[in-house]
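Subject: Structure handover

Hi,

Here is the structure I promised to pass on. My notes on two sites follow below it.

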Amino acid sequence: MTRQMTGAEMVIQALIDQGVDTIFGYPGGSVLPIYDEIFQQDKINHILVRHEQGAGHAAEGYARSTGKVGVALVTSGPGATNMVTPLADALLDSIPMVCITGQVPTHLIGTDAFQEADTVGITRPCTKHNFLVRTIESLPRILHEAFRIATTGRPGPVLIDIPKNIQFQTGTYENCKDKAPLTQYNPRREGDADAIRAAVNLMIAAKKPVLYTGGGVINSGRHATELLRDLVKLTGFPITSTLMGLGAYPASGPNWLGMLGMHGTYEANLAMHDCDVMVCVGARFDDRITGRIDAFSPNSKKIHIDIDPSSINKNVRVDIPIVGDVGSVLAEMIRLWKELSPQTDAAAHKNWWNQIASWRAKKCLRYKKSHDVIMPQYAIERLYAMTRGHDTYITTEVGQHQMWAAQFFGFDEPNRLMTSGGLGTMGYGLPAALGAQIAHPNSLVIDIAGDASAQMCIQELSTAVQYDAPIKIFILNNQYMGMVRQWQQLLHGNRLSHSYVEAMPDFVKLAEAYGGVGIRCEKPDELDDAITEMISVKKPVIFDCRVANLANCFPMIPSGKAHNEMLLGEDVSDEEIGNAIGAAGKVLV
Amino acid sequence: MMIVAGQSQSAYFLEEDIPNTERSHTLSVLVDNEPGVLARIVGLFSGRGYNIESLTVSEVEHEKHLSRITIVTTGKPPVVTQIMHQIGRLIPVHRVTNLTWLGETIERELALVKVAGKGEIRDDALRLAQAFNARIVDATLESYVFEITGTPSDIDRFVSLMTNCGLVEVARTGLAAVGRGKIGM
Ligand SMILES: Cc1cc2nc3c(=O)[nH]c(=O)nc-3n(C[C@H](O)[C@H](O)[C@H](O)COP(=O)(O)OP(=O)(O)OC[C@H]3O[C@@H](n4cnc5c(N)ncnc54)[C@H](O)[C@@H]3O)c2cc1C
Ligand SMILES: Cc1ncc(C[n+]2csc(CCOP(=O)(O)OP(=O)(O)O)c2C)c(N)n1
Ligand SMILES: [Mg+2]
C-alpha cells in the first residue's frame, strides 16, 4: 500500500511502522517540519530533553533496557555535533540506535549556510552507517534500512541526515519494512557447523574450562541468555563476564566467578589465566580484559563466538573462531552436547573447582569497614540489599563508582545494567536512567553516579521532572574525580593535579531547584533509612551519599601487567601502589 | 583470500603457510558507487592507523552502480586480515579480495611523464622511452610527454631514469590489478 505524503510525514509514518513509540529530541530550524508532524499525531511520544547529548544517551538507555532500538531527533549544526558523543558511545558499546538530524536545504549544502555542518562527514567514524537523503524518492527506503542496519548483526547507531526542503516535498510512501533491502548488508547468523563441532569437542576434553561472556550475549536477546544458562548447567563450567555482559548469567548463580578484567575478581582473572579451554561468548578481548597481551591466558585453547568477523583475532589470536549470533551458536552447541552426552573429566573438574575455591577464599573484594564514614563499597552493598525485591534498573556514570557498582551490585537479569563501557562517557548515566525510566515507568531506576560525572548531564533532571520520571541519582560523593586521583596516586607520585573539585554544588538544593527531592547521608548507620526514603519518593531524587574521600578501587590489574600480577585491596601499601606500574605501563590508559 | 559481505569465516584464512612477515598487499574492493564511499574507506585507513600506498577507484559495472577500489597496503598477515574485515564491515562494501594471497596477479599502472631539454638530454630521453615502450603523446621542440604502462616498479625505474633527462613532472594513475586465470573476484 502506498500513500502520498511529505517527507516529514514519512519520518513519523516510518517510525510508527517500525513499532517505535518513544523518541528523544530537541527542536531547531531544520527539523521544524518534523516537529510540526509530531504535534499533529499521538502515536509517538516525544521526550523533550535539555541538551542533545541527553537525547542520545536517553535513547541508549531506552534501547539497552528494552532490547529495542533507541531513536533520537535533533536539528542541524550544533544539534548534530552535540550528538557526536552518544553516537560514538553507542558504536563502541554496540547499542542499536537511529538518529535523525535535520540538514540545511539541498541547494544550500556546501555554502556554509546557517547552522550547516557536514553531519555525515563528522559522524562517519562514529556510526555503523549514515545516510544523507538527497531525494524524496529515496527517503522511505532509507528510513527503513536504517532500522535494519541498526538492529541486525552487530547492533550500532545509524544516522539519517534529512535536508529541510526534502521534509517539505511530497512523495510516495511505502512501508518497506519487510521489502527487499536497500543495501546488500546481510550479516550471517548461523555459525559454521564444523567449527561448532570442533569447539564442543574441545570443551568436552577440557580439564580447566572457563566461559568468558560479554555484551554480545545481551545483544543477542533474552533467548541467548536462557541458552547461556542452560549451557552452564549442562557443562558445569565456571563463568565470568565483562562489564557489558553482567546479568546474562545471574550473579547469584553457583558457577559465577564475578566480573573479570582490570577491576575484576581475583578468581575470575586467575581462572582466565590458568584455564586450558576458554570459551569467549560475545565479548571482544578488550584491553581492560586482557591486560598484557603476551601474558594473557598463555596455556589455553580459545574458542570465540562473535557476529562481527573483525572482532575475531583483533587483539588475541584464537584457535576456533565461530562467526555467528550467540543465540544461534549456543543452541547448536547445546544440541550437539546433548547428542553426544559426553563423559567429561570429573576428577579434573573437581580439582579445577577446588582451585577456584582457594582463589575465592582470598575474598578479593574485602575492604576496610568503618563506623564513622560511609565506605563507597558499603554504600553499594546497602543499595543492593535495600533494592532487592524491587524491579530495578541500574545505570552508572564513569569512574570508581562504576566499578564498585559492577563489583558490589548483583545483577541477576540481562538489560538491567546500563553503563558506558567502551567510550567511558561521564554524563551517560543520568540521561540513560531517564531513557530507562521512560521505558519502564513503574520500575525503580537508579543512576549510580560520581560527584563529577553527575554534573556532566545534570540538566536532564529537568526533563525527568517534566515527564514524572522518578529517577534516583545516587551519588557516591567523594569530592574527587576518584578514578583520576587513583591513577595519579599509581602513576604520578600522588600529585593530584586538578582531580579535586573545590567548588561542589549543594546537591540537595540542586535537586530542589529542579523540582526534585534532595537527600543527604553522611553516616553509615543512617544509610538504610535514607535509601528507604529515596525509594519511597515518587519523584526524581538526588541522593548525596558522602563517602570516604580517598578510597581506592581494588582489585586492580595495573596497565601493562598480567592477570596474575593483580593488586589486592587490603594488602597493598601506599608505596606499593606508587610503584605498581612500570615505565611501559605508564603510557597505557 | 576473499571476504564476501555477510559470509565471512574470518580466521580460517590465517593459514599457517603464509609467512608472518610484513609485505605489501593488493586489495580489491567491490563497492556500491555512491557518494561518500571512498571517504568511508580512506577514513577507515587513517582512523585505524593503516597505511595506503596506492589507491585507485573507478566505476566498473554501470547498471549495478558498482565501483572497484584497488588498494595497496603493507602489513603482516594478521594486520592485513584485520584491515580486510574492517573494510568488509562497511555497509556499501560487497566484497574484499586480497589479490596477493589469491596467487599470481597482473598489476598495471599508467604514467604521464613530461621532460624538457635540448640536445643530448633530449635524445637520451627518447631512446629510453623507446626501450620502455613508452609512447609519445605530446612533443614540442623542447619537451616530450610520454605515456608509459607497466608494473609500478617498471614505472619507478623509468621515472628515475628520466630525472637525468630533464624530468618536469609525473602523473600516475595508481594501480589496477586482477588475478590471473578464469576466476573473478
Ligand atoms: C573506568 C572503566 C573501567 C573498566 N574496567 C573494566 C573491567 O575491569 N572489566 C570489564 O569487563 N570491563 C571494564 N570496562 C569496560 C571495557 O572498557 C569494555 O567496554 C568491555 O570490557 C567490553 O565488553 P565486551 O567484551 O563484552 O564487548 P562489547 O563492547 O559488549 O561488545 C560485544 C561483542 O559481542 C559481539 N556481538 C554483538 N552482538 C552479537 C550477537 N548477537 N552474537 C554474537 N556476538 C555479538 C560484538 O561484535 C562485540 O565483539 C571498564 C570501563 C570503564 C569506563
Ligand atoms: C567525558 C569524560 N571526560 C573525562 C573522563 C576521564 N575520567 C574518567 S573517570 C573520571 C573521574 C570521575 O569522577 P566521579 O564522577 O566523581 O567518579 P569517581 O571516580 O569519583 O567515583 C574522569 C575525569 C571521562 N571518562 N569522560
Ligand atoms: Mg568522585
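**The second largest pocket**

The second largest pocket has a volume of about 600 Å³, taken as the space filled by probe spheres set on grid points joined across faces, edges and corners. A pocket here is an open set of points on a 1 Å grid over the protein atoms alone, where a 1.4 Å probe fits, with protein on both sides within 12 Å along at least five of seven lines; lining residues have an atom within 4 Å of a point. This is a predicted model, in which local features need pLDDT of at least 70 and side-chain atom pairs count only at pLDDT 80 or more, while totals for chains, interfaces and linings use all residues. Residues are numbered from 1 along each chain as written, chains are lettered from A and ligands numbered from 1 in written order, and side-chain values use heavy atoms, without hydrogens and water.

The pocket is lined by 23 residues; Phe131(A), Leu132(A), Ile142(A), Glu34(B) and Pro35(B) lie nearest its centre.

**Ligand 2**

Around ligand 2 there are 17 residues, and Gln400(A), His401(A), Gly424(A), Ser453(A) and Gly482(A) come nearest (near means a heavy atom within 4 Å). For polar contacts (pairs of N or O atoms within 3.5 Å), an oxygen atom of ligand 2 lies 2.6 Å from a side-chain N or O atom of Ser453(A). An oxygen atom of the ligand is also 2.8 Å from a polar backbone atom of Gln400(A). The protein buries 77% of the 590 Å² that ligand 2 exposes when taken alone (Shrake-Rupley method, 1.4 Å probe).

Happy exploring!

Definitions and conventions. A polar contact is a pair of N or O atoms within 3.5 Å; within protein, one must be able to donate a hydrogen and the other to accept it, and residues adjacent in sequence count only if both atoms are side-chain atoms.
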